Amino acid sequence: MGPVLELTDVTITRNGNTLLDRVSWSVDESDRWVVLGPNGAGKTTLLQIASARMHPTSGTAAILGETLGAVDVFELRPRIGLASAAIADRIPRHERVDDVVISASYAVLGRWRETYDTLDHDRAHKLLTWLGVGDYADRTFGTLSEGERKRVQIARALMTDPELLLMDEPAAGLDLAGREGLVRTLDEIANDGLAPATVLVTHHVEEIPPSFTHVLLLRNGGVVAAGPIRETLSSASLSETFGMSLKLVRSGQRWTARASR
Ligand SMILES: Nc1ncnc2c1ncn2[C@@H]1O[C@H](COP(=O)(O)OP(=O)(O)OP(=O)(O)O)[C@@H](O)[C@H]1O
């Protein structure tokens with residue numbers, strides 16, 4: 001199999017704004033990518049393309065070997081796991097947690113009258129347990145804390161056994177312990193031999209799980225740098241990305257950054 005995701009000169013324009021500017025990017029099956037960039041850099045737009053929810057204005061995007069524009073996106077989408085605030089906002093608050101996860105099989109939000117078999121139920125419970133929220137399966141989504149909801153969303157994203165897992169700021173809004181717990185969980189997922197190619201969007205280098213392999217730095221819709229983390233992520237590239245002088249420090253397997261003057 002070739003790359004899981006292959007963007008070539010992808011440009012997106014909306015209302016005269018360039019959201020993505022000739023982005024070329026290739027993600028292989030064994031890759032674990034972090035996409036870093038400031039507010040408005042185009043990160044969410046990039047995930048919209050990668051999840052077959054938006055088409056390039058120009059350029060080409062191939063996802064799981066299928067080219068956008070020449071494939072039925074409704075067949076492609078179940079092969080891609082996506083956890084994002086936009087999806088979370090659409091989850092009914094009265095929905096049972098296990099239904100939030102299991103309904104991903106039908107790519108629906110809000111369980112209605114679909115029927116699921118025992119295997120589906122077992123998988124949903126296994127995923128919730130793996131994500132550390134197995135005890136909340138019978139609760140409603142609205143009663144969970146922000147951190148617990150993030151974990152449920154990731155379980156939902158994994159429900160269809162996707163070939164590509166996309167997560168848009170999964171640690172946003174979490175307290176320190178919640179963030180650290182989630183980073184550990186994301187690291188476990190990334191290390192799992194059966195895990196799909198993964199892309200994690202974040203604003204913060206502190207949220208990069210140790211085993212993530214590659215980084216894409218995005219600013220104003222354009223790629224500042226992309227490649228293996230150790231070669232690509234530096235004080236210089238991070239400063240250019242965020243438009244301020246930053247000092248990046250690697251301690252152990254984690255990263256921190258702060259203004260350097
Ligand atoms: N329909 C639209 N028309 C015009 N501009 C848009 C449209 N949709 C998004 N934008 C702009 O495109 C830019 C990129 O948005 P995007 O949500 O991809 O950024 P982001 O990197 O995810 O930002 P954040 O970190 O704040 O979530 C933003 O400046 C946004 O205002």
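Predicted model: local features only at pLDDT ≥ 70, side-chain atom pairs only at ≥ 80, totals over all residues.
Me: What makes Gln48 count as buried rather than exposed?
Reply: A residue is called buried if 20 or more other C-beta atoms lie within 10 Å of its own, and Gln48 has 21 other C-beta atoms within 10 Å, so Gln48 is buried. This residue lies in helix 1, and it touches Arg53 and Met54, leaving aside residues up to four places away in sequence.

Me: How far apart in space are Gln48 and Leu166?
Reply: Gln48 and Leu166 are 118 residues apart in sequence, while their C-alpha atoms are 9.7 Å apart in space.

Me: How do you know whether the radius of gyration of the chain agrees with that of a compact globule?
Reply: The rule for a globule is 2.2 Å times the number of residues to the power 0.38; with 261 residues this gives a value near 18 Å, and because the chain has 18 Å, the two agree. Taken along the principal axes, the C-alpha atoms fill a box of roughly 50 × 45 × 35 Å. Of the 261 residues in the chain, 41% are buried, and among the contacts with a separation of 6 or more, 60% are between residues 24 or more positions apart.

Me: Why is strand 3 described as mostly covered?
Reply: Strand 3, residues 32-36, is described in this way because a residue with 20 or more other C-beta atoms within 10 Å is buried, and five of its five residues are buried. Arg32, Val34 and Leu36 point one way from the strand, Trp33 and Val35 point the other way, and all are buried.

Me: What makes strand 8 and strand 9 count as partners of strand 3?
Reply: Two strands pair if there are at least two bridges between them; strand 3 and strand 8 (residues 197-202) have five bridges, in the parallel sense, and strand 3 and strand 9 (residues 214-219) have four bridges, also in the parallel sense. Within these pairings, Arg32 has Thr198 in strand 8 as its bridge partner, and Trp33 stands opposite His214 in strand 9.

Me: How do you know that strand 1 and strand 2 are paired?
Reply: The pairing needs at least two bridges, and seven bridges join strand 1 (residues 5-14) to strand 2, with the two strands running antiparallel. For Glu6, the bridge partner in strand 2 is Ser26.

Me: What makes strand 2 and strand 5 the edge strands of their sheet?
Reply: Four strands form an open sheet in the order 2-1-4-5, with antiparallel pairing. Strand 2 and strand 5 (66-67) are its edge strands, since each pairs on one side only.

Me: Which residues come nearest to the ligand, and which elements supply its shell?
Reply: Of the 13 residues around the ligand, the nearest are Arg14, Asn39, Gly40, Thr44 and Thr45. Strand 2 (17-27) and helix 1 (43-50) are the elements that give two or more residues to this shell, and helix 1 gives the most, with three residues. By class, the shell has two nonpolar, nine polar and two charged residues.

Me: What is the predictor's confidence in this model?
Reply: On the pLDDT scale from 0 to 100, the chain averages 92, and 95% of the residues score at least 70. For the complex, the predictor gives an ipTM of 0.95 and a pTM of 0.93.

How values were computed: Residues numbered from 1 in each chain as written. Near = placed C-beta within 6 Å. Nonpolar A, V, L, I, M, F, W, Y, C, P; charged D, E, K, R; others polar. Buried ≥ 20, exposed ≤ 12 C-beta atoms within 10 Å, placed from the backbone. Contact = placed C-beta atoms within 7 Å.
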